[in-house]
Amino acid sequence: MAELSARQGRVADAVAIYRHLVGAAAGARPDAPDEDASVERWKARIAELEGGVIAVAPPPAVKAAVREPGSPARADVTPAAASANVSGRPSLVIAQPVRSGQVIYAEGGDLIVVAAVHSGAQLMADGNIHVYGALKGRAVAGAHGARDAQVFCLALEAELVGVDTGYATSDDIPPDLWGGPARVFLTPEGRCSVVALSSGKRRP
């Protein structure tokens, strides 16, 4: 998500995401050298962006972790609870609307939002993203190379939606899919595809 923002010239957004990741890592275990290495890369990227260097860097290798229940909530992250999905991977569940300016990142698993995602909000997950409401902000699944990840939502009105490095902006979303239930995935060629999400109900 940060690098997509950087590519589009939204440097402030990219810096905000990297600062969020650095802040999230501050609460990690002190004996995690791989986390320390990631933090140093993120800090270096912040310095590049703030210095006017808009080079596109590959996504850093990040240790899979989800904030544990009961840990202090940060100001820019909606209070959430951790749970396990049917595949056994950890999921991050957001039960409140995601407001403009908020950045939600599900590290190492899926992100499930059971509320609306407002314009200006950003969702990012290493796994799938599920939005049981309107998706009006930005959402990128498979953020660290999971090309088989997908985005599911009940009302697609996103500014940007994507999987891994493939993405589509609001202008790329077919008009007949705008505002309806949709599924976003990568084709074998690496193109971001948006299709209707069937409700499973049969008409009489």
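Here are some notes on this predicted model, going from the whole chain down to single residues.

1. Overall make-up. The protein chain has 204 residues, of which 46% count as buried. Its secondary structure comes to three helices and 12 strands. Taking contacts with a separation of 6 or more, 31% are between residues 24 or more positions apart. The accessible surface is about 10100 Å², and carbon and sulfur atoms account for 55% of that.

2. The cores. In soluble globular proteins, nonpolar side chains tend to be buried together. Here the largest nonpolar core has 31 residues. If you want a way in, go to Leu111, Leu123, Ile129 and Leu135, the members that touch the most others. There is also a second, separate core of five residues, with Ile17, Tyr105, Met124 and Ala143 among them.

3. Strand E6 and His130. Strand E6 runs over residues 129-135 and holds His130. Is His130 buried or exposed? His130 counts as buried because its relative accessible area is 17%, below the 20% cut-off. Leaving aside residues up to four places away in sequence, His130 touches Asp110, Leu111, Ile112, Val113 and Phe152. Strand E4 covers 110-113, so that list takes in residues of E4. Leu111 also turns up among the residues with the most contacts to other members of the largest core.

4. Leu154 sits in strand E8, residues 151-156. With 45% relative accessibility, Leu154 is classed as partly exposed.

5. First salt bridge on my list. Side chains of opposite charge can pair when their charged atoms come close. The structure holds two salt bridges. One joins Glu157 to Lys136, with 3.9 Å between the closest N and O atoms. Glu157 is in the loop between E8 and strand E9 (160-163), while Lys136 is in the loop between E6 and strand E7 (138-141), so this pair links parts of the chain 21 residues apart in sequence. Both partners are partly exposed: Glu157 has a relative accessible area of 26% and Lys136 has 33%.

6. The other salt bridge. Asp164 pairs with Arg147, and here the closest N and O atoms are 3.4 Å apart. Which parts of the chain does the pair tie together? Asp164 belongs to the loop between E9 and strand E10 (166-169) and Arg147 to the loop between E7 and E8, so the parts joined are 17 residues apart in sequence. The two ends are classed in separate ways: Asp164 is buried at 14% relative accessibility, whereas Arg147 is partly exposed at 42%.

7. Strand E9 and its neighbours. Leu160 and Gly162 point one way from E9, Val161 and Val163 point the other way, and all are buried. E9 pairs with E7 in the parallel sense over four bridges, and Arg138 stands opposite Leu160. E9 also pairs with E10, this time in the antiparallel sense, again over four bridges. Val163 faces Gly166 of E10 in that pairing. The E9 and E10 hairpin has two residues between the strands, and Asp164 takes a positive phi near 55° there. Worth a look, given that Asp164 is also the salt-bridge partner of Arg147.

8. The loop around Ser119. Ser119 is in the loop between strand E4 (110-113) and strand E5 (122-125). Its relative accessible area of 40% makes Ser119 partly exposed. What does Ser119 touch, not counting residues up to four places away in sequence? The contacts are Ser100, Lys136, Gly137 and Glu159. Ser100 is 19 residues away along the chain, yet the two C-alpha atoms are separated by 5.6 Å. Lys136 in that list also forms the salt bridge with Glu157.

9. The E11 and E12 hairpin. Strand E11 (residues 182-186) and strand E12 (residues 192-196) pair in the antiparallel sense over five bridges. Val184 has Val194 in E12 as its bridge partner. This hairpin has five residues between the strands, and Gly190 takes a positive phi near 90°.

Notes. Residues numbered from 1 in each chain as written. Predicted model: local features only at pLDDT ≥ 70, side-chain atom pairs only at ≥ 80, totals over all residues. Heavy atoms only, no water. Core = buried A, V, L, I, M, F, W, Y, C linked by side-chain atoms within 4.5 Å. Buried < 20%, exposed > 50% of the residue type's maximum accessible area, 1.4 Å probe, protein only. Contact = heavy atoms within 4.5 Å. Areas by Shrake-Rupley, 256 points an atom, 1.4 Å probe, with all protein chains shown as cover. Salt bridge = Lys/Arg side-chain N within 4 Å of Asp/Glu carboxyl O. Pairing = 2+ DSSP bridges.
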